[in-house]
Amino acid sequence: MFKSLKYKIIIKVLICSIIGVLAISGTAYIQASKIIAQDIEDLALSKINKLSTRTQDRVLNWRTSIQILSSVDVVRNLDINGLEKYFSKNKDIFNDFNDIFICDNGGNLKSTNGRRANVTDRYYFYEAKKGQVVVSNPVISKSSGNPVIVIASPIRNDNNSIVGVVGGTINLSSITEMVNAEKLGNTGYAYMIDKTGLIMAHPNNEHILKENFLEHSNEKLSKITEKMINGEGSFDRLDLEGNDKIIFYEPVELTGWSI
């Protein structure tokens, strides 16, 4: 009887010990998971903020270069030959640009690469004609057939009247390469959408300028894309391609784009 009581006590003690160990282990696991999740969140937020700032800085430099160019005499005179010489002498300032162009109020464009075209079908032309310095969504270049971003500024005469538009084209790859270089762990990646939800940078080239995440079959991703278009910055969880994912997003000022 004494041994039986002893065994019962030992068993109860063991059970309590096991429960205690499991409770401590469970608490430690939960705390560790929270710490890891917080570390991942902090790292992701830091990376996206850095990438957004870097993109904004580049876009601001491009805008400033074109805006200053609009006040140069050869540009105000719509002198394409003079612009070609100016562009050639200042390659260090315009090293990101493929070419510089000027066009009159009729949309007739002349470029430093010899291109001649009419751009009355391009929205950036009309926005610049309204007096705005424009950073376009990606468009397909009429001369090269490549996806480009156009920076355009109004040209004003001495009376402050708009007499034309000056602009420059930049390969979309200048953006996509910068975005694709950003990684998070083994599976995390960055992508960028324009102000309509169209993919303009993604590690999978098949998405670029061909897929609009606003129309994605994943309803949660579509709703997140809508938030991105509206200029919101936050993070969400979603199930995508059979995996539980966390998505962090932040707008790129001056453009309407979002990363």
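**Exercise 1. Find where His-202 sits, and decide whether it is buried or exposed.**

Step 1. Look in the loop between strand 11 (199–201) and helix 6, where His-202 has its place. Helices (H or I, at least four residues) and strands (E, at least two) are DSSP runs, numbered from the N terminus.

Step 2. Before going on, note that this is a predicted model, in which local features need pLDDT of at least 70 and side-chain atom pairs count only at pLDDT 80 or more, while totals for chains, interfaces and linings use all residues. Residues are numbered from 1 along each chain as its sequence is written, and side-chain values use heavy atoms, with hydrogens and water left out.

Step 3. His-202 counts as buried because its relative accessibility is 5%; buried means under 20% relative accessible area, exposed over 50%, and partly exposed in between (1.4 Å probe, protein chains only).

**Exercise 2. List what His-202 touches.**

Step 1. Leave out residues up to four places away in sequence; His-202 then touches Asn-180, Tyr-189, Ala-190, Tyr-191, His-207, Ile-208 and Phe-213. Contact here means heavy atoms within 4.5 Å.

Step 2. Now look at Asn-204: its backbone nitrogen lies 2.9 Å from a polar atom of the His-202 side chain.

**Exercise 3. Examine the salt bridge of Lys-223 and Glu-219.**

Step 1. The two side chains, Lys-223 and Glu-219, meet at 3.4 Å, N to O. A salt bridge is a side-chain nitrogen of Lys or Arg within 4 Å of a carboxyl oxygen of Asp or Glu.

Step 2. Both Lys-223 and Glu-219 belong to helix 6, 4 residues apart, about one turn of the helix.

Step 3. With 47% relative accessibility, Lys-223 counts as partly exposed, and Glu-219, at 54%, counts as exposed.

**Exercise 4. How many salt bridges does the structure hold?**

Step 1. There are 7 salt bridges.

Step 2. One of them joins the side chains of Arg-237 and Asp-244 at 2.7 Å, N to O. Arg-237 is partly exposed at 48% relative accessibility, and Asp-244 is exposed, with a relative accessible area of 53%.

Step 3. Another salt bridge brings together the side chains of Lys-130 and Glu-127 at 3.3 Å, N to O. Here Lys-130 is exposed, with a relative accessible area of 61%, and Glu-127 is partly exposed at 27%.

Methods: A polar contact is a pair of N or O atoms within 3.5 Å; within protein, one must be able to donate a hydrogen and the other to accept it, and residues adjacent in sequence count only if both atoms are side-chain atoms.
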